[in-house]
Amino acid sequence: VDYMVKGSTSKKVVIFSHELSRSGAPVALRYLSRILINNGYSVHIVSQGNDSALFDFLEDRVSVTMLQGSILNEGEVLYYSSECKLVIVSTILLHEIVETLRGKKTVIWWIHELSEGYGEYPSSFRFSENSRFYENYPF
């Protein structure tokens with residue numbers, strides 16, 4: 001289901017999020033979206049799962065696509081990111097999107113989980129030589 005906000009800009013960002021709840025990573029993404037919009041960017045979020053904060057994002061002038069219980073395939077990831085120069089992927093759960101876009105788009109992978117939450121992921125992922133890994137802890 002698409003919820004589009006009128007008005008756009010040539011500075012487009014797409015954000016992939018596992019959900020739009022009122023907790024954790026989605027709250028941080030809402031703050032980030034506000035900052036981007038206030039700096040002239042058009043923000044579109046593609047999400048699935050919990051949508052309890054959907055109307056909060058729409059109120060902030062963020063366009064949203066809510067997927068109904070599906071995980072994005074490569075074609076869908078490329079479709080949603082096609083008009084954007086920058087893609088933001090939230091949380092370790094969406095690592096397949098990062099892999100799909102490797103070498104195709106500029107991707108910021110915002111991992112909100114503590115290292116205890118993702119076990120061996122950082123050592124098993126193939127980061128490019130210009131990738132950097134930052135952990136959101138301690139606060």
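The model is a predicted one. Its largest nonpolar core has 17 residues, and strand 2, helix 3, strand 5 and helix 4 each supply at least two residues of this core.

**Helix 3**

- Helix 3 spans residues 74-81, and its buried residues are Val-77, Tyr-80 and Ser-81; viewed down the helix axis, these fall within an arc of 90°, so they line one face of the helix.
- The elements against which the buried residues of helix 3 pack are strand 2 (12-17), strand 3 (42-48), strand 4 (63-67), strand 5 (86-90) and helix 4 (95-101).
- Where helix 3 starts, Asn-73 places a side-chain oxygen within 3.0 Å of the backbone nitrogen of Gly-75.

**Nonpolar cores**

- Within the largest core, the residues with the most contacts are Phe-16, Val-46, Leu-72, Val-89 and Ile-97, while helix 4 gives the most to this core, with three residues.
- Beyond its neighbours within four places in sequence, Val-46 is in contact with Val-14, Ile-15, Phe-16, Ser-17, Thr-65, Leu-67, Leu-72 and Tyr-80.
- Another core, of 16 residues, lies apart from the largest one and includes Leu-36, Val-43, Val-62 and Ile-88.

**Aromatic rings**

- One aromatic pair is found in a search of the whole structure: the ring centres of Tyr-79 and Tyr-80 are 5.1 Å apart and the planes stand at 70°, so the pair is edge-to-face.
- The ring of Tyr-41 has the charged end of Lys-11 sitting over it, 4.5 Å from the ring centre.

How values were computed:
Residues numbered from 1 in each chain as written. Predicted model: local features only at pLDDT ≥ 70, side-chain atom pairs only at ≥ 80, totals over all residues. Heavy atoms only, no water. Buried < 20%, exposed > 50% of the residue type's maximum accessible area, 1.4 Å probe, protein only. Helix = DSSP H or I, 4+ residues; strand = E, 2+ residues; numbered from the N terminus. Arc of directions from axis to C-beta. Contact = heavy atoms within 4.5 Å. Polar contact = N/O pair within 3.5 Å; in protein donor to acceptor, adjacent residues only side chain to side chain. Core = buried A, V, L, I, M, F, W, Y, C linked by side-chain atoms within 4.5 Å. Phe/Tyr/Trp six-rings, centres within 6.5 Å; stacked < 30°, edge-to-face > 60°. Lys NZ or Arg CZ within 6 Å of the ring centre and 35° of its normal.
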